[in-house]
Amino acid sequence: MKNTLLTIIFLFTSLTTFSQTDGITEIKKLYQETQDNKSIYKTQTQDDFENSSEGGVIIAYKDSKEVRLIEAKYYGHMGKTEAEFYYLNGQIYFIFLKEFRYNMPPTESGFDQTKTTMEESRYYFWDNRMIRWISPDGESVDTESPEFMKTSIENYDWANELLEKNK
């Protein structure tokens with residue numbers, strides 16, 4: 001009985017891992033397809049002054065049917081954020097986020113571009129839920145952690161809000 005229970009737990013864990021791995025593999029294929037076709041998509045650009053102290057810009061890339069990519073850039077006093085949102089069939093599947101931090105505001109004489117730091121995060125979604133988060137240190141964040149759950153909801157909502165504005 002104990003061995004049967006252990007076998008069931010192992011199989012469930014293996015299937016979960018297998019499906020997540022399959023999802024990541026598919027996401028990477030979709031990402032590459034979007035990058036390969038980006039130059040032929042129609043673009044729609046709009047300013048976004050609501051979500052940043054120094055303004056922002058949103059560029060939506062559409063194939064013949066739908067939004068496939070939204071690039072958002074937000075400028076702040078002490079840095080900027082660049083985010084790429086990848087969609088298929090109206091659903092987010094990947095977010096690539098870059099956050100830049102300046103040593104001081106660019107308008108000040110001591111500003112030094114070489115002292116700007118950057119952090120990258122990657123968020124993978126499958127079937128309307130986040131399945132992996134690669135943090136700036138390059139590590140996967142535990143999918144069961146409260147931080148993962150909170151970040152999942154925030155990014156999912158952000159992606160859907162941008163998509164609604166750009167349909």
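The questions and answers below walk through the predicted model shown above. In this predicted model, local features need pLDDT of at least 70, side-chain atom pairs count only at pLDDT 80 or more, and totals for chains, interfaces and linings use all residues. Residues are numbered from 1 along each chain as its sequence is written, and side-chain values use heavy atoms, with hydrogens and water left out.

Me: In what order do the elements of the chain run from the N terminus on?
Reply: Helices (H or I, at least four residues) and strands (E, at least two) are taken as DSSP runs and numbered from the N terminus. By that reading, the secondary structure of the chain comes to two helices and seven strands. From the N terminus on, these elements run in the order α-β-β-β-β-β-β-β-α.

Me: What percentage of the 167 residues of the chain count as buried?
Reply: A residue is called buried under 20% relative accessible area, exposed over 50%, and partly exposed in between (1.4 Å probe, protein chains only). Of the 167 residues of the chain, the share that counts as buried is 35%.
The buried share asked for is 35%.

Me: How many bridges join strand 1 to strand 2?
Reply: Two strands pair if DSSP finds at least two bridges between them. Strand 1 covers residues 42–47 and strand 2 covers residues 56–62, and threonine 45 has isoleucine 59 in strand 2 as its bridge partner. The two strands run antiparallel, and the number of bridges that join them is six.

Me: Which residue is the bridge partner of valine 57 in strand 3?
Reply: Strand 2 and strand 3 pair in the antiparallel sense over seven bridges, and a hairpin joins them through four residues. Within this pairing, isoleucine 58 stands opposite alanine 72 in strand 3. For valine 57, the bridge partner in strand 3 is lysine 73.

Me: How many residues lie between strand 3 and strand 4 in the hairpin that they form?
Reply: Strand 3 and strand 4 pair in the antiparallel sense over seven bridges, and one of the bridge pairs sets glutamate 71 against glutamate 84 in strand 4. Strand 3 (residues 67–75) is itself mostly covered, with seven of its nine residues buried. In the hairpin that strand 3 and strand 4 form, the number of residues between them is three.

Me: Is glycine 55 buried or exposed?
Reply: Glycine 55 has its place in the loop between strand 1 and strand 2, and its C-alpha atom is separated by 5.6 Å from that of tyrosine 75, which is 20 residues apart along the chain. Not counting residues up to four places away in sequence, glycine 55 touches (heavy atoms within 4.5 Å) Asp48, Phe49, Lys73, Tyr74 and Tyr75. Because its relative accessibility is 3%, glycine 55 counts as buried.

Me: Which side chain does a polar contact of 3.1 Å join to that of glutamate 82?
Reply: Glutamate 82 has its place in strand 4 (residues 79–88), and at 19% relative accessibility it counts as buried. A polar contact is a pair of N or O atoms within 3.5 Å; within protein, one must be able to donate a hydrogen and the other to accept it, and residues adjacent in sequence count only if both atoms are side-chain atoms. The side chain that a polar contact of 3.1 Å joins to that of glutamate 82 belongs to lysine 80.

Me: What is the phi of asparagine 128?
Reply: Most residues other than glycine have a negative phi. Aspartate 127, in the loop between strand 6 (117–126) and strand 7 (129–134), has a positive phi of about 55° although it is not a glycine. Asparagine 128 lies in the loop between strand 6 and strand 7 and is partly exposed, with a relative accessible area of 34%. Although asparagine 128 is not a glycine either, its phi is positive, at about 65°.

Me: What arc do the buried residues of helix 2 cover around the axis?
Reply: The buried residues of helix 2 are Phe148, Thr151, Ser152, Asn155, Ala159, Leu162 and Leu163. They are on the same side of helix 2, because the arc that they cover around the axis (taken from the directions from the helix axis to the C-beta atoms) is only 110°.
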